[in-house]
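These are my notebook entries on a structure that I looked through one part at a time.

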Amino acid sequence: MNREQAHEILMKYMKGENYITHSYAVEAIMRGLAKRLAPDEVEYWGIVGLLHDLDEEQCDWRSDMSVHGPASVEILKKEGIEDKALFDAICAHNPKSKVKAKTKLQYAILAADPMSGFIKAVAQIYPDKKVASVKHKSVIKRFNEKRFAAGANRDYMECIEFTGLSLDDLIDVALEEMTAIADKLGL
């Protein structure tokens, strides 16, 4: 599957603008992480980011979090996709699923997902609400304020360390990659 095919599947199953822009942000972060961790797999890692929440509007994951991820796998299988590494990465981004993160790809998606929302939350407190205005030190300051963006799981973001990168690296990648597509994200 290439990026164009993945995007077609995303648009078929996801309609909410916030979900779509979140998918683009995570895709961008995953591409940036792949440039450092798996340079030959940048598109593939981007596809994982793009499709990680494919089931967001398709299942009742709020009442049973364990279905978030596996439901995306079922959608992809219905679309004729058979890719165990993709399936496992999508499932591993939700620690409530049966697949636990073990690979760099899986830890990267686990960390990139909440980081995208966290960066967006930091941008929203700036006067211009632009991700380009966000500074690394502001992200760290807010990261240490546990009540700020409380839904963004800091433990998951810190899992980036299992890839050999640091939280600082993740922040830098997220800021750079989200800034590069700021217009697409409305930031």
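This is a predicted model: local features need pLDDT of at least 70, side-chain atom pairs count only at pLDDT 80 or more; totals for chains, interfaces and linings use all residues.

Entry 1: I then listed who makes the contact: helix 2 brings Ala25, Ala28, Ile29, Gly32, Leu33, Lys35 and Arg36, while helix 9 brings Asp169, Leu170, Val173, Ala174, Glu177 and Met178. Sorted by class, the residues of this contact are 8 nonpolar, 1 polar and 4 charged. I noted beside the list a general point about helices, that an α-helix has 3.6 residues a turn, so residues three or four places apart point the same way.

**Entry 2: the core.** Which residues have the most contacts inside the largest nonpolar core? I looked them up and wrote down Met30, Leu33, Trp45, Leu76, Met115, Phe118 and Leu170, in a core of 61 residues. Helix 6 (residues 104-124) gives the most to this core, with 10 residues. Another core lies apart from it, made of 5 residues, among them Ala92, Ala101, Tyr107 and Cys159. I went back to Leu170 and, leaving aside its neighbours within four places in sequence, found it in contact with Ile29, Leu33, Ala111, Met115, Met157 and Ile160.

**Entry 3: a second pair.** For helix 6 and helix 7 (residues 136-143), I recorded axes that come within 10 Å and cross at roughly 105°, which makes helix 6 roughly perpendicular to helix 7. Phe118, Ile119 and Val122 of helix 6 meet Ser138, Val139, Arg142 and Phe143 of helix 7. This contact has 5 nonpolar residues, 1 polar and 1 charged.

**Entry 4: buried helices.** Is helix 5 (residues 84-92) largely enclosed or open? I found 7 of its 9 residues buried, so helix 5 is largely enclosed by the rest of the structure. The buried ones are Leu86, Phe87, Asp88, Ala89, Ile90, Cys91 and Ala92, and they pack against helix 3 (42-51), helix 4 (70-78) and helix 6. In helix 4, I noted Ala71, Ser72, Val73, Ile75 and Leu76 as buried, with a cover that includes helix 1 (3-13), helix 3 and helix 5.

**Entry 5: positive phi.** I first reminded myself that most residues other than glycine have a negative phi. Helix 4 is followed by Gly80, with a positive phi near 85°. Lys129 is a residue other than glycine, and yet its phi is positive, near 55°. I placed Lys129 in the loop between helix 6 and helix 7, and its relative accessibility of 40% means that it counts as partly exposed. Ala149, again not a glycine, has a positive phi near 45°. Its place is in the loop between helix 7 and helix 8 (154-158), and at 26% relative accessibility Ala149 counts as partly exposed.

How values were computed:
Residues are numbered from 1 along each chain as its sequence is written. Side-chain values use heavy atoms; hydrogens and water are left out. A nonpolar core is a set of buried Ala, Val, Leu, Ile, Met, Phe, Trp, Tyr and Cys residues joined through side-chain atoms within 4.5 Å. Buried means under 20% relative accessible area, exposed over 50%, partly exposed in between (1.4 Å probe, protein chains only). Helices (H or I, at least four residues) and strands (E, at least two) are DSSP runs, numbered from the N terminus. Contact means heavy atoms within 4.5 Å. Ala, Val, Leu, Ile, Met, Phe, Trp, Tyr, Cys and Pro count as nonpolar, Asp, Glu, Lys and Arg as charged, and the others, Gly among them, as polar. Axes are lines fitted to C-alpha atoms, for helices over the stretch in contact, and angles run from 0 to 180 degrees between N-to-C directions. Angles under 35 degrees count as roughly parallel, over 145 as roughly antiparallel, 65 to 115 as roughly perpendicular and the rest as oblique.
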